[in-house]
Amino acid sequence: MTTAKSAPNPADDWWRSAVIYQVYPRSFADSDGDGTGDLPGITAHLDHLKDLGVDALWLSPFYPSPQVDGGYDVADYRAVDPRYGTLADFDMLLAQAHDRSIRVIVDLVPNHCSAEHPAFRAALAAPPGSSERALFHFRDGRGADGTLPPNDWTSMFEGPAWTRVTEADGRQGQWYLHLFDPGQPDWNWNNPVVHRDFEATLRFWLDRGVDGFRVDVCDALVKALGLPDWPWPTHGVIEPVDGVMPPMWDQEGIHDIFRSWRRLLDTYEGSRILCAEAWLAPERTARIVRADEMHQAFNFRFLETLWQPQDLRQVIDESMAANNTVGAPTTWVLSNHDVMRHASRFGYEGPVALEHGVGPGDPQPDRTLGLRRARAATALMLALPGSAYLYQGEELGLPEATELPDAARQDPVWERSGHRIRGRDGCRIPLPWTEQGPAFGFGKNPETWLPQPSDYGTYAAYAQHDRPGSTFRLYQRLLELRRQYRLGEGDLRWVPSSNHALHLVNGPVEVMANFGPHPIPLPADAHVLAASVPVTRDVPVDATVWFTATPPLASPRAKH
């Protein structure tokens, strides 16, 4: 199948204000009863996303993979893993989403592939210095007989970033680079063959009609010449040391790659987009979204910020200022498949290690406080100009699964860290769709690939659709108002407020967020549009309220 058609009635700048919903296919819905989510399962629940009111969905990897790192170890970039379905299933999902005016973005994983990828298998079989090995970063070791890694880089999943191979003659030989797991060798983007192969992958999915790509670890594609040592840690938002960026992150050569991809996408109709995953500070992220590079880049500094008014205002101002210099929107996000869900993260009073995970015996978050603050934080985020991403289940108020048995963990960092870091499994638990039944409606098989908590039925999606005050209904209302008042295309203005509050204006909508310790009176002429908790004439502690000074516009949908 080949088609260059995109979603119906594309608007050139749809992405500047879009709200995009991340689907982690393995955990969304299981159609065939094997305990693992799949593409037909996603298709069966598209009306949930339509009712929610999102503009697009982003599919995390569904490509053939040994699942060493949850599908981010890709063995074939132009196929569907049989556990998720077929290309025909993908085409059906795409068509059904477009029929509902929902665009579809797929994941591109260009920094590394799977160790089972045919190109890497060929590189292992080929001798040092071969063209096959030139597609990756193979190097001779240091020390006597090359027994030490080529440099001191460490993996993002703990341990060394190098693994030594056994050559065809049985001798210990060269080392290959993997910034993540040994099952994820890094491509060598200095090789033009790699460029051409990924351009073919982009065309393959664009020709099928996808609306864009979320680009995984895009700031790591180019490494500094000579692969110099770097003894400093590189977790979270990456910062320079003495003005120098780490040699494996944010090198100048990445921008030429992004420009070449942008030129390719611009040859297709329908404004296809690129969204960058780059854990960089706002001023460096803004360089990736210059007019001839990517369209969006996640704002991870915002995601990392605690529930503190001054800190949030600072990161909002710095992010918008940085992106305004290049004419790009800011892309807000609070949760994804790599970090603790914000309904749990905000249940702690201090900073938490976002990707370290929580397990039995660890300090547990305050669930009630966490959900209350998460609803307030989302209401603040969705009032901001720019685009926003939601992670599956956050519209249900899902918490992190903090009591997941250690024996069930599948994140590679659990083993690589010697069981010090529990990892990201807690935010990847299969979704609950119904209050009762096998796997709470996830599928027919009660045994899911990661076990669901016993209380998951209380968060069931379809039970929330008609429940006044549910988190789903709050998200639905916020998205309806955001679209109605065109807040994503608006301008932000701050109103002076106390040290415990944020008060902003975007178009005709005013937003007050109260961080405590006391309720804050609303203006006498306030007409409440939406609130993260029930309100009367005050903004309660840990709550956000949207209001206007004039009666609200007529809503196309019943008020919630």
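This is a predicted model: local features need pLDDT of at least 70, side-chain atom pairs count only at pLDDT 80 or more; totals for chains, interfaces and linings use all residues.

Colleague: What is the strand order in the open sheet of 8 strands?
Modeller: The order is S9-S8-S7-S3-S2-S1-S11-S10. The pairing is parallel.

Colleague: And which strands are at the edges?
Modeller: Strand S9 (296-297) and strand S10 (331-333). Each pairs on one side only.

Colleague: How many bridges link S10 and S11?
Modeller: S10 pairs with strand S11 (residues 387-391) over 3 bridges. Trp332 stands opposite Ala388 in S11.

Colleague: Which helix lies across S1 and S11?
Modeller: That is helix H14 (residues 471-484). H14 runs at about 165° to S11.

Colleague: Switching topic. What is the pairing in the sheet of 5 strands?
Modeller: Antiparallel, in the order S12-S13-S14-S18-S16. Strand S12 (492-494) and strand S16 (527-531) each have a single partner strand, so one side of each has no neighbour in the sheet. The twist averages 25° from one strand to the next.

Colleague: Which residue in S13 is the bridge partner of Arg493?
Modeller: Val505.

Colleague: Now H11. Where does H11 lie?
Modeller: Helix H11 lies across S13 and strand S18 (543-548), at about 35° to S18.

Colleague: Is H11 mostly covered or uncovered?
Modeller: Mostly covered, with 11 of its 15 residues buried. Among them are Leu369, Arg373 and Met381.

Colleague: What caps the N-terminal end of H11?
Modeller: Asp366 does. A side-chain oxygen of Asp366 lies 3.2 Å from the backbone nitrogen of Thr368.

How values were computed: Residues are numbered from 1 along each chain as its sequence is written. Side-chain values use heavy atoms; hydrogens and water are left out. Two strands pair if DSSP finds at least two bridges between them. Helices (H or I, at least four residues) and strands (E, at least two) are DSSP runs, numbered from the N terminus. Contact means heavy atoms within 4.5 Å. Axes are lines fitted to C-alpha atoms, for helices over the stretch in contact, and angles run from 0 to 180 degrees between N-to-C directions. Buried means under 20% relative accessible area, exposed over 50%, partly exposed in between (1.4 Å probe, protein chains only). A polar contact is a pair of N or O atoms within 3.5 Å; within protein, one must be able to donate a hydrogen and the other to accept it, and residues adjacent in sequence count only if both atoms are side-chain atoms.
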